[in-house]
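Have a look at it first, then try each task before reading its solution.

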Amino acid sequence: MEKGHVLVFGADGYIGSVLTGVLAKTGYAVSGVDAGYYSDQSLYSPNDTTILRKDVRLVTVEDLVGVDAIICLSDLNDPTSSIYPEQTKSINLQGLMSLADKCKQAGIRRFLYASSASVYGFAGDENMSENSKLNPLTPYAECKIAMEKHLLSISDDSFRAACMRNATVYGLSPHMRFDLVINYLCGSAVADNVVRLKSDGSAWRPFIHIKDLTEAFLSILRLPDRTFSNLIVNVGNGHTGNHRVVDIAQIISQVTGCPVEISLNNKDARSYRLNTNKLESLGITCTRDIDKEIEVMVKFLRDIELDTQLLHNDGFNRTDRIRNLIESGRVDNELYWK
């Protein structure tokens, strides 16, 4: 799909607030829908995008009229899902399944879904391809798998769906997330003068820079119908993007001069590497150098004088924000705004 109206769900989030700008610069008409849980806190000015403030579960067919394609980023994140599993199923699965059905009813031609490589869970030393065994360890990952299945079950010649199993994202965004591993490690180095690992660092993770990811969304959106239809694809850099977390910490230590602090008694349950041969067969590559991008992030965070208070601001930490919204009574227990 070369041009048209793209509606981004989660447009005011970490990825969405970068993606909307990428789409607009390439000629798409772009608008967004966002519940606004994290919209009040920004590291820098976000794109000027028209955003409907609405819970994805309350979206109507009328809200979707005139849209050519959906990019769906709306989710409670992985750690939050383990604390709030029922709310996660309500939003990440039931809400998004209903949204997909409404999109089909509204005549939308394409639905591009942000799935996750976390569906692979724990995989030892194997590089996981799209045909590898799935091992979801959290409600978040379980919902991703179920949503993929639903999209493929309703996909046809008039409603085409594709699913991107994305690597762990890092990099700067207006609506920053400091609960993502590289972002947090860079933040702790700048704010606290220590690269503070919350685990023993032995886990493998595939990483992707946010600009590589947003460009991959654009490239997949532009694929011909026959390639886009029923596509499930790993998105990352299978050659230089797979790293042990402790090795990332050492890179940040070298850039910042800060020591690494390791939590030896805390092992990460998830550990997997990503095979991205299928993505590359589509002509899509993720090439940004992780060492250089860490230097860019550290410089920016130093320039804005990131401190401990800002690093731990709940607007940049998803689980903390959801907990605070509930405890303060701003949302009810099902995460609907009061």
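Predicted model: local features only at pLDDT ≥ 70, side-chain atom pairs only at ≥ 80, totals over all residues.

## Exercise 1: Cysteines and disulfides

Solution: Next, recall what the bond would need: a disulfide is a covalent bond between the sulfur atoms of two cysteines. The cut-off used here is a pair of sulfur atoms within 2.5 Å. Now try C163: its closest cysteine sulfur is also in C72, 10 Å away, again too far for a bond. Finally, the tally by this rule is 0 disulfides.

Task: Are C143 and C163 buried or exposed?

Solution: Buried means under 20% relative accessible area. C143 has 3%, so C143 is buried. C163 has 0%, so C163 is buried too.

## Exercise 2: The cores

Task: Find which residues have the most contacts inside the largest nonpolar core.

Solution: That core has 76 residues, and the ones with the most contacts inside it are L23, I71, F217, I220 and V235. Pick L23 and look around: leaving out residues up to four places away in sequence, L23 touches V6, V8, Y28, V30, I71, L218 and L221. Apart from this core there is another one, of 36 residues, with L93, Y113, C143 and I232 among them.

## Exercise 3: A covered helix

Task: Take helix α5, residues 181–192, and find how far it reaches and what covers it.

Solution: First, the span. α5 has 12 residues and reaches 16 Å from its first C-alpha to its last, close to the 16 Å expected at 1.5 Å a residue. Second, the burial: 10 of the 12 residues are buried, so α5 is mostly covered. Among the buried ones are Y184, C186 and V190. Third, the cover: this includes strands β8, β9 and β10 as well as helices α8, α10 and α11. Last, step just past the helix, where N193 takes a positive phi of about 60 degrees.

## Exercise 4: The whole protein

Task: Decide what the radius of gyration says about the overall shape.

Solution: For 338 residues, a compact globule would come out near 20 Å; the protein has 19 Å, which agrees. Then check the extent: the C-alpha trace spans about 55 × 45 × 35 Å along its principal axes. Inside, there are 12 helices and 14 strands, and 59% of the residues count as buried.

Technical notes
Residues numbered from 1 in each chain as written. Heavy atoms only, no water. Helix = DSSP H or I, 4+ residues; strand = E, 2+ residues; numbered from the N terminus. Expected span 1.5 Å × (residues − 1). Buried < 20%, exposed > 50% of the residue type's maximum accessible area, 1.4 Å probe, protein only. Contact = heavy atoms within 4.5 Å. Core = buried A, V, L, I, M, F, W, Y, C linked by side-chain atoms within 4.5 Å. Rg over C-alpha atoms; globule rule 2.2 N^0.38 Å.
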